[in-house]
Amino acid sequence: MILKKTLNLRKIIRKNKSFFLAYDQGLEHGPTDFNDKNVDPEYIIKIAKEGKFTGLIFQKGIAEKYNKQIKESKIPLIVKLNGKTNLVKGDPVSKQLCTVEEAKELGATAVGYTIYIGSIHEEEMFQEFENIQRQAHKKGLPIICWIYPRGKGTKGIKEKDLMAYSTRVGLELGADIIKIHPTGIKRDLEWAIKSAGKTRVVIAGGGKKNEKTLLKEIEEAMEVGCSGLAIGRNIWQNKDPIKLTNKIKKIIWNKKKK
Amino acid sequence: MILKKTLNLRKIIRKNKSFFLAYDQGLEHGPTDFNDKNVDPEYIIKIAKEGKFTGLIFQKGIAEKYNKQIKESKIPLIVKLNGKTNLVKGDPVSKQLCTVEEAKELGATAVGYTIYIGSIHEEEMFQEFENIQRQAHKKGLPIICWIYPRGKGTKGIKEKDLMAYSTRVGLELGADIIKIHPTGIKRDLEWAIKSAGKTRVVIAGGGKKNEKTLLKEIEEAMEVGCSGLAIGRNIWQNKDPIKLTNKIKKIIWNKKKK
Amino acid sequence: MILKKTLNLRKIIRKNKSFFLAYDQGLEHGPTDFNDKNVDPEYIIKIAKEGKFTGLIFQKGIAEKYNKQIKESKIPLIVKLNGKTNLVKGDPVSKQLCTVEEAKELGATAVGYTIYIGSIHEEEMFQEFENIQRQAHKKGLPIICWIYPRGKGTKGIKEKDLMAYSTRVGLELGADIIKIHPTGIKRDLEWAIKSAGKTRVVIAGGGKKNEKTLLKEIEEAMEVGCSGLAIGRNIWQNKDPIKLTNKIKKIIWNKKKK
Amino acid sequence: MILKKTLNLRKIIRKNKSFFLAYDQGLEHGPTDFNDKNVDPEYIIKIAKEGKFTGLIFQKGIAEKYNKQIKESKIPLIVKLNGKTNLVKGDPVSKQLCTVEEAKELGATAVGYTIYIGSIHEEEMFQEFENIQRQAHKKGLPIICWIYPRGKGTKGIKEKDLMAYSTRVGLELGADIIKIHPTGIKRDLEWAIKSAGKTRVVIAGGGKKNEKTLLKEIEEAMEVGCSGLAIGRNIWQNKDPIKLTNKIKKIIWNKKKK
Amino acid sequence: MILKKTLNLRKIIRKNKSFFLAYDQGLEHGPTDFNDKNVDPEYIIKIAKEGKFTGLIFQKGIAEKYNKQIKESKIPLIVKLNGKTNLVKGDPVSKQLCTVEEAKELGATAVGYTIYIGSIHEEEMFQEFENIQRQAHKKGLPIICWIYPRGKGTKGIKEKDLMAYSTRVGLELGADIIKIHPTGIKRDLEWAIKSAGKTRVVIAGGGKKNEKTLLKEIEEAMEVGCSGLAIGRNIWQNKDPIKLTNKIKKIIWNKKKK
């Protein structure tokens, strides 16, 4: 469908950049990423609110049970529409667990979906994404696509080529924002961002990192046209999440625009 | 969908706790669990009534054929929506055998569904659950999710981690009550209950046990915030089911609230 | 759905017993069971009429092409809704070949469906049955469930346990009448019938047998609460089918009621 | 559904016999069966017209692109609803490639469908056929079923038994006309035709044959109650197709009726 | 459905020939085919406009994000409805990623779909194509079918036979235009084009080639009745794409008509 002016992309972008707080790890990894504090979704909502993130990423269950708190925070809700545990081995597949309509009813400003390119189940995720993309755009919701190269099909292929393939797939399939794990090499990221054309690219924070490394990575990404960040563990596993948040925001909104 | 005030969770909770009589073993194990008395659903309904359980769990077939007796007992009916025999080996999958609408027509106050996380069929059950959850909430019915770690994906993973992963999956997927098999270690159960956030956790009674062991298990569970019990064989295989029922009720409703 | 008073179970029951003439072997085994006479459905309809059976079991194709003759016979039509050839090996699966609506249009008084418990395809048949059961009850049609233990899942399990599991599955899934192959041991059948609760159990005639053996089997079955018979080859392969039919009817309607 | 008087079977039958010109080989075998003349569908339509066949069998693509010529010929159009290439090996499966509604819109007087009994995919074709049969009858269109024994399930079974099983399956599933490859033995064909009950049986011409053999085969078939022929290569690969056509017509319409 | 006069085939044909600019390589191969210039869809649109192509082929994502530029170019948009990455190995399958309705809303003048004959997934693509073909014709949109022989089923079969089988499949399935990779032998292409009957055949440009070879290939193709070209890399990887475009146009529109 033709991209309407009413596509609410602006609601999850501030001065042309995005900064999302991701909290879908409970399903993806189990509670092993959590401690007594951050196991509680209310703690995460509090960080999102204080840190003025441009979006907060939850699975439907949390979006539903903590709906009141999310609404009170006024942080735009992004509902992740698919997911899986990390128990099942082999080429990954992550299936739809929430409809676009339901996400809308929960107050979502955008929806998210993960595709594992290279997995033998790639086609199943392509088709679910395709459906969701159409439905989301019909309702004026932007769709963020997590694209991670995984499985047998990725063997023997250079990381940088997989990263550029990821972002290109996002463009060709109609994502509005693509989330990737950067390889860490600036020039490669630049090419991946170029390959995405008009589709925006945000980088994942990934597992907890040395703060310096993280900030440098973000800085370089912003320099080559990255549209922002979707970060989770590095923030809510941090002892002082707001302090780090502020450091990152400085980098995001002070570098040259894409 | 946003959790409505009309979600009839209160109907299967008494003073913040639940106490369900489970009788889905006929399908899950065959009649080997039964004797001449308890093979008869009417005997089970009688126990539920005298014991004032907060819910009685049946498959559709029994809920339909014994509908009059169930209604007369005034015990809330919980229809289990999926099931399988124990004949087929390999990674388990349990498919939907009754619709939410049908359960509602049968007079159900809540519905139940089993997910085997770690099974290679995990995604199929996730998707069926997702659909049922939405439909149930639309009709104001709470959904109870049996979550059992099973199959290849669970190998080499610690029992306590699997238990906490189970309850977290329940929260992320939008269950209202999660039923798990406790590992028996209090501290582990506490973490699992915490991982479930606002979703309630009840423990399964499991196979017939020494009464002392059973009561201690329940006592400890209630101390760490457990929301109650879903028990079957330990009750209806007992020579004096009401006597044991009363002992358990004392424990459930006299311990500190979650 | 709640069992309505309008469920037309009484139409295929006479004085609390059923006596069905089965003729689905053409699809299940090919014409090898037939001779020049009984290969012709009109011959079967004639037997059913003269023998005053309480039901006549056909696949859709015969029910459609011989509809006039069936109606003229006034014997209640039972349309078998699934079927397969015996050519394909491995764990059996039998899929739906006629809708409930179509059966109704053909004048069916009841519908039938076969489930092979223990087959790796068990879940597929469970789900088709579930759908058919609901639709049939909505239209006031009773559903008869053939339940046969087959496939890898049945290995190493005692025949009597498989028989009792079969009837229990029929109850749990919501069948109105269950058709099983009896093991031949009276006490085992009694337990199987008990396990079926309020669901009726009829026994299959099976392959052609010595008449004495057959009659004794029926007699014993009726003594332990069996609700009747679904018989085929033993009748229509017999030189004098009406004579045998009358002998069986005597046994069915003269023994003590369930 | 009850066979209506309006079922247009008479439109593809002349004096109780059928004579169809088959031209679905382009999809089933590729153009290797063709030469410069018969590669052209217009040539085939011309033969059908001059030869006054009672039906002309095409896939949807040809039925659509040559619709004008087909209509002008006034030969009844039979649209073959499934098909496959011969490239893929293993147990065959042929899936639906045209809907009944579409066939009707193209002006079809009847529809056709191929089932490979004995293939591990038998059930898939049974279910597609079942659906098509119902839809076709609802629209008053007869359905012709190609039934060929193929795949693992047919190993070690006598050809004559497979042939009789084929025709019986056609009856049980509700076909109006069954097309089989005859074994060439008269007595076997007679039994197969008897096994089909009220369903008509036509024989395939098969690969190009010596004319004498072909005519003798047809003659014998008509003697044992065969309802006609569906022939392709033997006609349109012939140098003088009309001459052979006339010889066959003489045989078909001069032998004793079924 | 009967081919309507309203089928907009004329919109993508000029003086009986077609000349399409293909740009679906981003999804099919990743951005490895691209450089800093041609990675940008706007550059491609510019070439299409200046070169006056009769169609421009995009996936939905690009058709949506660059819709304004496409419309301004006035080059007819052809939306490719299926696609896959080249990461996953084994017999290929390419699934639908955009609906016909969506393509129409994006302003498409025609739609495209790829079938890999000989792949074990052939039937899946046949069925998706069948659906799309019907929907496209209902909306007056022509459908172009990429047909490439691939996978296990093609082993040991001559290239020329596979090519002719490809075009025949296109005719039988109802494509309006078939796109093939020519073998390079004129006489073989002539037979393939004949096998397609009334369905048009265009050839793919394939990977970048020596200009002389390319032009000779096109010249020969046009001589044997080819309906035109769908070319990508040879154009947009060329330093002077318009110069080459003009050379090709001369060949296409100066040779004898089909």
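## Cavities

By the rule used here, this predicted model holds nine cavities of 30 Å³ or more. The largest cavity has about 80 Å³ of space in it.

## Where chain C meets chain B

Now for the interface. Here 34 residues of chain C are in contact with 40 residues of chain B. Together the two chains bury about 3100 Å² between them, with carbon and sulfur atoms giving 59% of that area. On the chain C side, Tyr165(C), Glu172(C) and Lys198(C) lose the most area to chain B, and together they make up 23% of what that side buries.

## Charges and polar pairs

How many salt bridges are there between chain C and chain B? The count is five. Take Glu130(C), which forms a salt bridge with Lys60(B); the closest N and O atoms there sit 3.3 Å apart. As for polar contacts, 21 residue pairs turn up across the interface of chain C and chain B, counting pairs with both residues at pLDDT 80 or more.

Helix H6 (122–138), helix H7 (159–173) and helix H8 (186–195) of chain C each put at least two residues into the side that touches chain B. By class, that side of chain C has 15 nonpolar, ten polar and nine charged residues.

Definitions and conventions. Residues numbered from 1 in each chain as written. Chains lettered and ligands numbered in written order. Predicted model: local features only at pLDDT ≥ 70, side-chain atom pairs only at ≥ 80, totals over all residues. Heavy atoms only, no water. Contact = heavy atoms within 4.5 Å. Buried area = accessible area lost by both parts, 1.4 Å probe. Salt bridge = Lys/Arg side-chain N within 4 Å of Asp/Glu carboxyl O. Polar contact = N/O pair within 3.5 Å; in protein donor to acceptor, adjacent residues only side chain to side chain. Helix = DSSP H or I, 4+ residues; strand = E, 2+ residues; numbered from the N terminus. Nonpolar A, V, L, I, M, F, W, Y, C, P; charged D, E, K, R; others polar. 1 Å grid on protein atoms, 1.4 Å probe; cavity = no way out; pocket = protein on both sides within 12 Å on 5 of 7 lines; lining within 4 Å. Points joined across faces, edges and corners; volume = space filled by probe spheres on them.
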